[in-house]
Amino acid sequence: MALESMGLELAIAKALADGSAVIGTVRPGMDLSVAALSTTTANKSDSTPVPVTTGVDDIINELNNGRSSLLKLIECLGPILTHAEPFQRASGVALLSTVISQTETSKISAQSATVLSQFYLSRLDDQPSVEPVLNGLLAMVSLSVLSKEEKTAIPARIFSELNVQSFQQSVRQTVFRLFAKLFETNLDGLHELGSEFVFGFIHAMDGEKDPRILILAFRIAQLIIKHLDFSKHAEDLFEVVFCYFPITFRPIPGDPYGVTAEDLKHELCATVAATPLFAPFAVPVLLEKLSSDSAAAKVTHRLSFHTFVFYNAIHNIDFCVLKRDAMDAVSACAPVYEGASFSPYIDAFWDALKKEIVSPVEPANELSSLMAIRALVKSLSTAISISQKRQSPLEKMIDIILKDCLENLADPDLKFAKPCGKIMMSAASASEPACNIIVEKALPVILNALSNEDAPSKRKTLADVLGDFLVAGRSVYSSKNGTSDDLMQTPLKLYCEQLFDFFMPCALSDLYVPLKLSSLRGLTEMLLSRNLLGAKEECAVLELVLSWMLEDPNTQIHSVALETITSISAEIPDLVQNVVLEPLLNALKAAQTEFNVLKMESALVSCFALSKNKQMRSVILSALIDIFVSAATSTLESHPNMPYILAYERRTLQIVAEILLESSTQPIMLTLDQTHTCELIFKLVLTSVNTAPAMDETMKNEIVCLVAKVVALMIRSLDVPHQSQIIKELKHSFQSFNSPVVLTDPVYAYLTAAVMTNVSSKTPFDILDLEVYSNELINMSIQLDGLYALATSKILASIVNKGHGVQGIDAFVTHFCQTKCDSALVAVHCTLPQRQTILKVYSWIAKALVVKADPRGYQMTLQILGLLSNADLGLAAADAINVLISDDSQGVLTKMAGANIKMLYKQRLYNYCLPIVSSGFQVASDGSRNAYLYSLSHLLHNVSKGVLLSELPKLLPMLLHSLTLNETTLKLGTLDTLQQMVKDAPAVLESQISSIMTLLLPMCLFKNANQGNDARVRVSAIAILGLLMSWVNYTVLHPFKPRVLQELAYALDDPKRVVRKEAANTRSIWFMPQPT
C-alpha cells in the first residue's frame, strides 16, 4: 500500500508541476515546490527518444490499471483540496476533474460517484474553484452510476449558489453545457424540478452576451419548451429570449469559433416559434417591428443590457435586414401560433407586408414578405369564426388583399399588376380554401379586363397574373404526377376553356414576343396541372413548344422553349416522348436533305435538352447514332453539298459526346442496354472505317477523333464481359491485330485504340508476345504516321499502365523502350520522320509509367529532356513534354479510363522537369532555345496555381524572352501565364515592369502582325495592360502612361473589331486609373 501511495503521490506532484491539469493561469504565490519530486527525461544521456507523459496521464494509468482508486486519489489530494491558499485548492480540484473526465467509467464505482458529487456541490461556494468544479460535474452527469436524485441536485445547487452571469465566459459556457447534458442523461429528474429549473435557467441566461453561449442557450430553451412544463414562466422565458431580436451580429474576419449571424438568427427564430404559448407576447412585438420605420422600433428595448459587443460593435444597422428577419420570424411562427393569434392584427400585418412587395427595397425582402403572407393565410385557414354571421379570419384577410390588388389591376397603367399577381399567388397557394376564394373572386375580374384590353404590353402583364394563378393552383391541387386527393377539384377548371382560348392565340401570334412568352408560361402551367386540359389540348401545347424548339437557336423563343420542354419532360416524360421526340428526330433528318443549318442546330440542341431526362436518353442516343451513320453513308456517293453533310456529321457527334459526358457525371450512369451499347459501338467503328476514304484529310481526322471520343465514353459504361466482347468483335470483323500482318487502316487502328485504352484493367488482351506485337505496330507506324502512330502509342501506353493480363511488360519496357528506342532516337542512320514517330511512341510509354510513379518513367523523361537541344528533334521533344504532363482529349491514361494514376503526379513531374529545362535554356544556343520555351509553356499550363507561383521570379526572364520570338503559339501561352501572374503575383512583375511594357506595347499593334502578333495575341497583350492598371501599384505604372495611351490610340484603328473593343476599354482604364 505504501508503494501504491508513493506512486500516486509522485504522479500528483508531477501533474501539479507540469500544469497538465491546471485550469486558467498559474497565480502568484502558488506553492509549486513539489516540482522537485517530478521525473523528467531532460537530463537523460540516452539519445533514444523517450515518450514523455504528463502527470495526469500517469494518474489515469494508475486508475485504469487498477493499481489505485478514485477514493485513494481524493485521500492523497486532501492537503491540496483543503489548502488555505484558494488557488492551490483550485489546482487540486482541476486535477481531480481532469482525471475523472478521462478515466474509464467502469473504474468509477457508485460509492465514489456519490462522494465526488457531494464534494463538488460543497465547493460551489468556493469562488476560485468554481470552474474546475463545474467541469467535474459535467463529467459526473454522464455516469450511469450516479443516481437520478444526485443528478437532479446539481442544477438546483447551481441555481442557489451561483450568479452565473457574474463569471467569465468559460464558466458560463460550462454551466450551459451542463444543462444540455442533463437533458440527455436526466430528463426524468428535470421533470421533477419543473418550474424551478425553468426559473433558474431564465436567471442564468438573463444578460448573456457571448454568441457561442447564446446558441447553446437557445437550444436549451427549445428543449425546455419541448420537455418541461414552463407555462408559469412563459412570459419570462419569452422575454429573456426575444430581447435578442433582431440579432445584429457580425464576427471578426477569421473567427475561430465559426459562429455566424445566420446561426444565431436560426436558433433564435426556432426558439420564438417553438410554442403557441409565446403568441400573445410575440405577435404584437413582431407587428411593431414590421410597422415602424424608425430605428427605435427596430432595436430592442433592452439594448443597453443586451448589446452584442463580443466581437465587433455594429453601429450602422441595416434596417432592411432587420425587417427581413421580422418577416422570416412571422413565417416561422404562423404555423405554430395558429390563426387565432393573428386574426386581431390582420389589417396591420397586411399594411406592413404589402409595402415590401409593392415598393421593394431589396429582392430578398420582397421574397420574405411573400412568404410571410403565405404563412399567415395558411395559418388563418385553420381559424374559426366566432359567429357564423361574421366573416372568418381567412375571408377577412383575403378580402383585404383582393380589395387592394384588384384596385391596382383596374388601374389603366397597371403599374402594380406584377406585385399584385405575386401577392395573390402567394395567398392562393397557402391552402385550398384560400385558393377557392381568390380564384372565385379575382379571376373573373382579370378575364374581363383582358377582354377589354387591346394593348399587347398590358395584355402581357395580365397574362403574367393569370400565370401566377395557375402556379398557385398547381401547388395546392398537385401536378399531373403529384399525389393529391381525387375529390379535390381545382376552381380553375371552370375557367380552363377561357384561359386556353386566350393563351393559345397569343402564343401563336407574332405581334409581341413578351406576350408570346407569357402565354407559353400559362399554357405550360395548364399542361402540368391536373385535369385542366384534355388530350387534344395537351398535344397542341407540346406541338407549339416543338415549333419553338425548331426556331433559330439564337433567339429568345428557342431558349425559352428548351427550358419549357426540360421542365415538362421532368413531369410527364411519356407524353413528351410520344408527342415531341419523333417529330423532332424527323426534323433533324429532314435538315440533312434540306441543307438547313439553323434547323439542324436547333434540332440537335433540342435533342440534348430532352436527353437530360434519363427515360429518353437511350432513345435519343440510339437515334442520333443512326442519323450519323445514315449521313456518313451518304458521303460514299458524290454529293453536291459535301461540306454541309460533313458539318452535319460533326455536329451530331458533338451532341452525342455531350450527352455521354453529362451522363458520366451523374449518379445514374448511361441507361443504355449493355448489348445494345456494343452494337452501337460496332456500328460507329464500321461506318467510320468504310466512309473515311471519301473525306479530305482534315475533316477525316476531325470526325474520326469525335467518333473515338464517343466510343471511349460508351465503352467505359460497359462491364468487363461486354468490353471483352466488343474487342473480339472488332478483331474478327476486320483482321486480327495479333496476326503477323497488322491491318494498315489508320482509322480502324485509331478507333480500336479508343476501345482498348478505355476498357477496365481487368479486361484481358489476347496478346501472346508483346515484343512481336509492339514491333509490328511501330514498324507500321513509321510507314503511316498520323493517326496510326498515335493509336499505336496509346495502345502500348495503356498496356504498360494497366497490364490487361499481358505477359512480359517489364521486359518490354526495359529492353525495347530503354534500349532500342533510346538508340533509335539518337541514331544517325534513321530518317527524321522515323525518329519523330519513335519519339511519339516513347513519350506515351513514358507517360504510362510517370502517372503511376514508376521510376523508369522519369529515366525516359530525362532522355526526352536531353533531346530539347537537338536541332532536329527539339520541337518534337517539347511536344513530348506536353504529352507527359497534359490530359489527353480522349481521356486516355485518366482515372475515367481506368488507368493507374498516382496523386500529384503532375506536380512531381513539374518539379523534376523544371530545373532541367531552366538550366538547359541558360546554356542552349539561340536555335534550340525555342524548344525549351515551348517545354516551359507546356509545364506552366498544366500545374496548379499554388505550385506555379513559388517559381515565378526565377522563370520570368525566360517568359519575357519568349515574347521576343515570332512564334504565335508560344506568345499566346506566355501571355496567358502573364495574365495569371498579374492577378496572383503583381509584386514579381513590378521588378521587371520596364521590360514588360517594352515587349507588350509593340504586340498591341497591327503593323507588327507579321512578327507573330495575330489578333489573339494583340487582344491578350492589350488585356494585360488593362490588368496591370488594376493590380499593380500605380506609382510604378505612371511613367508609362503617355506612351501606353499613344500606342493604344493606334490600336483603335485595328482592322479586327475585337481588338478595337479591347483597346477602347483598356485606354479608358489608363485615362482614369482607379485606386488599387
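How many disulfides does the structure hold?

Guide: This is a predicted model, in which local features need pLDDT of at least 70 and side-chain atom pairs count only at pLDDT 80 or more, while totals for chains, interfaces and linings use all residues. Residues are numbered from 1 along each chain as its sequence is written, and side-chain values use heavy atoms, with hydrogens and water left out.

The structure holds 0 disulfides, a disulfide being a pair of cysteine sulfur atoms within 2.5 Å. For Cys 269, the closest cysteine sulfur is that of Cys 333, at 5.7 Å, which is too far for a bond. Cys 269 is buried at 19% relative accessibility, where buried means under 20% relative accessible area, exposed over 50% and partly exposed in between (1.4 Å probe, protein chains only). Cys 243 is buried too, at 2%.

Turning to the rings, the whole structure has 19 aromatic pairs. Rings of Phe, Tyr and Trp (its six-membered ring) pair if their centres lie within 6.5 Å; planes under 30 degrees apart are stacked, over 60 edge-to-face, and the rest tilted. Phe 159 and Phe 179 form a tilted pair, because their planes meet at 45 degrees, with centres 5.4 Å apart. Phe 159 belongs to helix H7 (residues 148-161) and Phe 179 to helix H8 (residues 169-185), so the pair ties together parts 20 residues apart in sequence. Helices are DSSP runs (H or I, at least four residues), numbered from the N terminus. Phe 179 is buried, at 0% relative accessibility. Ring pairs join Phe 159 and Phe 179 with Phe 176, Phe 183, Phe 197 and Phe 201 in a cluster.

Conventions:
Helix = DSSP H or I, 4+ residues; strand = E, 2+ residues; numbered from the N terminus.
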